[in-house]
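Let's take a friendly walk through this fold, starting with its aromatic rings and then moving on to the core and the strands.

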Amino acid sequence: MDSKLDSNKDEKSNVTENDASKVSEITFKDGCTKIAHKALFKNTDVTKVNIPASVKAIGGAAFSGCTNLLQVNFAANAQIKDLDWRAFYDCTALTSIKIPDSVTRIGTETFSGCTSLATIDISKESKLTKTEKRDRIYG
């Protein structure tokens, strides 16, 4: 099953568990500017996430605990700037991810607990200027 979600522009209207339950592919709607804090927290049904160019930030723990998440697709013309703390924490099935060139900050432990993650692709054209920690984005 595939679903389009309009995640929040503010922290008060999080995507609820009922909005995304039993959906394996999530496509956030064009016009969505932020994927909220804990938007899909511990959703073990999701395997694929499609993020439109309009998204500027992914909130803390947005996909944390999505243990079956295999694929994260950012739009080719992504404008995202911020991957907040633990955005993909414990996404144990994720094996690779391409960070869009527009990302300027990767928060603390963004990929910590991603035990299958072998590749984080950051291009030479990347605008990344800050990785927070405690000195690591993985591990």
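## A cluster of rings

Phe 28, Phe 63, Phe 88 and Phe 111 are joined into a cluster by ring pairs. Please keep in mind that the model is predicted. The count of aromatic pairs comes to three. One of them is formed by Phe 28 and Phe 63, and its geometry is edge-to-face. Phe 28 belongs to strand S2, while Phe 63 sits in the loop between strand S5 (57-58) and S6, so this pair ties together parts that are 35 residues apart in sequence.

How buried are these two partners? Phe 28 counts as buried, with 2% relative accessibility, and Phe 63 is likewise counted as buried, at 0%.

The rings of Phe 63 and Phe 88 lie with their planes at 15°, under the 30 degrees cut-off, so this pair is stacked. Here too distant parts of the chain are linked: Phe 63 comes from the loop between S5 and S6, and Phe 88 from the loop between strand S7 (82-83) and S8, 25 residues apart. Phe 88 is buried, as is Phe 63.

The two pairs can be set side by side:

| Ring pair | Centre to centre | Angle between planes | Geometry |
|---|---|---|---|
| Phe 28 and Phe 63 | 6.3 Å | 75° | edge-to-face |
| Phe 63 and Phe 88 | 5.2 Å | 15° | stacked |

## The nonpolar core

The largest nonpolar core has 33 residues, and those with the most contacts inside it are Ile 35, Ile 58, Phe 63 and Phe 88. At least two residues of this core come from each of strand S2 (25-28), strand S4 (48-51), strand S6 (71-74) and strand S8 (96-99). In soluble globular proteins, nonpolar side chains tend to be buried together.

Which residues does Phe 88 touch, leaving aside neighbours within four places in sequence? Its contacts are Ile 58, Phe 63, Leu 69, Val 72, Ile 97, Thr 110, Phe 111 and Cys 114.

## Charges over rings

Lys 38 is placed over the face of Phe 41, 4.6 Å from the ring centre. Arg 86 lies over the face of Tyr 89, and here the distance from the ring centre is 4.1 Å.

## The open sheet

Five strands make up an open sheet with parallel pairing, in the order S3-S5-S7-S9-S11. Strand S3 (34-35) and strand S11 (130-131) are at the edges with a single partner strand each, so one side of each has no neighbour in the sheet. Within the sheet, S5 and S7 run parallel and are joined by two bridges. Ala 57 stands opposite Asp 82 in S7.

Terms used:
Residues are numbered from 1 along each chain as its sequence is written. This is a predicted model: local features need pLDDT of at least 70, side-chain atom pairs count only at pLDDT 80 or more; totals for chains, interfaces and linings use all residues. Side-chain values use heavy atoms; hydrogens and water are left out. A nonpolar core is a set of buried Ala, Val, Leu, Ile, Met, Phe, Trp, Tyr and Cys residues joined through side-chain atoms within 4.5 Å. Buried means under 20% relative accessible area, exposed over 50%, partly exposed in between (1.4 Å probe, protein chains only). Helices (H or I, at least four residues) and strands (E, at least two) are DSSP runs, numbered from the N terminus. Contact means heavy atoms within 4.5 Å. Rings of Phe, Tyr and Trp (its six-membered ring) pair if their centres lie within 6.5 Å; planes under 30 degrees apart count as stacked, over 60 as edge-to-face and the rest as tilted. A charge sits over a ring if NZ of Lys or CZ of Arg is within 6 Å of the ring centre and within 35 degrees of the ring normal. Two strands pair if DSSP finds at least two bridges between them.
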